[in-house]
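Hi,

Here is the structure I promised to pass on. Have a look at it first, and then read on for what turned up.

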Amino acid sequence: GITSQLNDVQFINSTTGFIVGAGGKILKSVDGGNIWNAVTSGTVSSLNDVFFLDGTLGMVAGVGSSSSILKTSDGGVTWMQKGPNVSLVLNAVVMKDQNLGWAVGTKGNIYHTEDGGNTWIKDSSNTTNDLFDITLSPDGNNLFAVGGFGTILHLSLLPPQGCIAKFELQYDTSNFQSINFINQTQGTIASYLWDFGNGATS
């Protein structure tokens, strides 16, 4: 059985899904999650997040230098190390289209790609707080990232800003771990839910 810590899962259709985790673990299912088989990732570094744009182009965010970003162009059969040549902990990655995407990580690190994940350019996030998740609004016109100490980053992708504008920084009071939109106007941001063993949560 699998003994590694598993960090993220994504299904790209009703039958095919991927899981990533510690030790460079990538698992793939082609039967809706009933059976999972290991895929060679080419790294033993921890892998934190997986994102597929479609049935062929996928990215994984993780730990290391070149291994901090893994890319597949064949539906997850083979993976290539494409991370920038600096030591990073990247926690999440998202692609807007075949060319443009972003990855976020510790110490406020944000990188973007304009060539489909082959090269990554560092952006200014205006924060040193750890960033844990990143997502696009359903229409693809806005980018949001969340992180520690209530950090919320927003970037408009509409002209004239594009991907070169500075991120707008907001703060709340919680450590935000994930962000997701359910439709064009409504989204959710989640923080840790702690169980104190007596039925109480915070």
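Let's start with the aromatic rings: in this predicted model, a search of the whole structure turns up five aromatic pairs. One of them is Phe-11 with Trp-36, and it counts as edge-to-face because the two planes sit at 75°, with the ring centres 5.8 Å apart. Anything over 60 degrees gets that name. The two partners come from distant parts of the chain, 25 residues apart: Phe-11 belongs to strand β1 (residues 6-11), while Trp-36 is in the loop between β3 (25-29) and β4 (37-39). How accessible is Phe-11? Its relative accessibility is 34%, so Phe-11 counts as partly exposed. Trp-36 comes out as partly exposed too, at 26%.

Phe-18 and Phe-52 give you a stacked pair, with 4.5 Å from centre to centre and 20° between the planes. This pair also ties distant parts of the chain together, since Phe-18 is in strand β2 (residues 17-21) and Phe-52 is in strand β5 (residues 47-52), 34 residues apart. Are these two buried or exposed? Phe-18 has a relative accessible area of 0%, so it is buried. Phe-52 is at 4%, and because buried means under 20%, Phe-52 is buried as well. Look for Trp-79 while you're there: ring pairs join Phe-18, Phe-52 and Trp-79 into a cluster.

Now zoom in on Gln-10, which sits in strand β1. Leaving out residues up to four places away in sequence, Gln-10 touches Thr-16, Gly-17, Phe-18, Val-50, Phe-51 and Phe-52. So both rings of the stacked pair, Phe-18 and Phe-52, belong to residues on the contact list of Gln-10, because contact means heavy atoms within 4.5 Å. The side chain of Gln-10 also reaches the backbone nitrogen of Phe-52, at 2.6 Å.

Rolling a probe the size of a water molecule over the atoms shows where empty space is left. The largest pocket has a volume of about 660 Å³. Which residues are closest to its centre? Out of 25 lining residues, those are Asp-8, Asp-49, Ala-92, Asp-133 and Ser-178. Several strands take part in the lining: β1, β5, β9 (88-95), β13 (131-136) and β17 (176-181) each supply at least two residues.

One last thing, on backbone angles. Most residues other than glycine have a negative phi. Asn-126 is not a glycine, but its phi is positive, at about 65°. You'll find Asn-126 in the loop between β12 (121-123) and β13, and with a relative accessible area of 41% it is partly exposed. Phe-149 is another residue other than glycine with a positive phi, near 55°. Phe-149 lies in the loop between β14 (142-147) and β15 (151-156). Why does Phe-149 count as exposed? Its relative accessible area is 61%, and exposed means over 50%.

Cheers

Notes. Residues are numbered from 1 along each chain as its sequence is written. This is a predicted model: local features need pLDDT of at least 70, side-chain atom pairs count only at pLDDT 80 or more; totals for chains, interfaces and linings use all residues. Side-chain values use heavy atoms; hydrogens and water are left out. Rings of Phe, Tyr and Trp (its six-membered ring) pair if their centres lie within 6.5 Å; planes under 30 degrees apart count as stacked, over 60 as edge-to-face and the rest as tilted. Helices (H or I, at least four residues) and strands (E, at least two) are DSSP runs, numbered from the N terminus. Buried means under 20% relative accessible area, exposed over 50%, partly exposed in between (1.4 Å probe, protein chains only). On a 1 Å grid over the protein atoms alone, a cavity is a set of points where a 1.4 Å probe fits but cannot get out, and a pocket is an open set with protein on both sides within 12 Å along at least five of seven lines; lining residues have an atom within 4 Å of a point. Grid points are joined across faces, edges and corners, and a volume is the space filled by probe spheres set on the points. A polar contact is a pair of N or O atoms within 3.5 Å; within protein, one must be able to donate a hydrogen and the other to accept it, and residues adjacent in sequence count only if both atoms are side-chain atoms.
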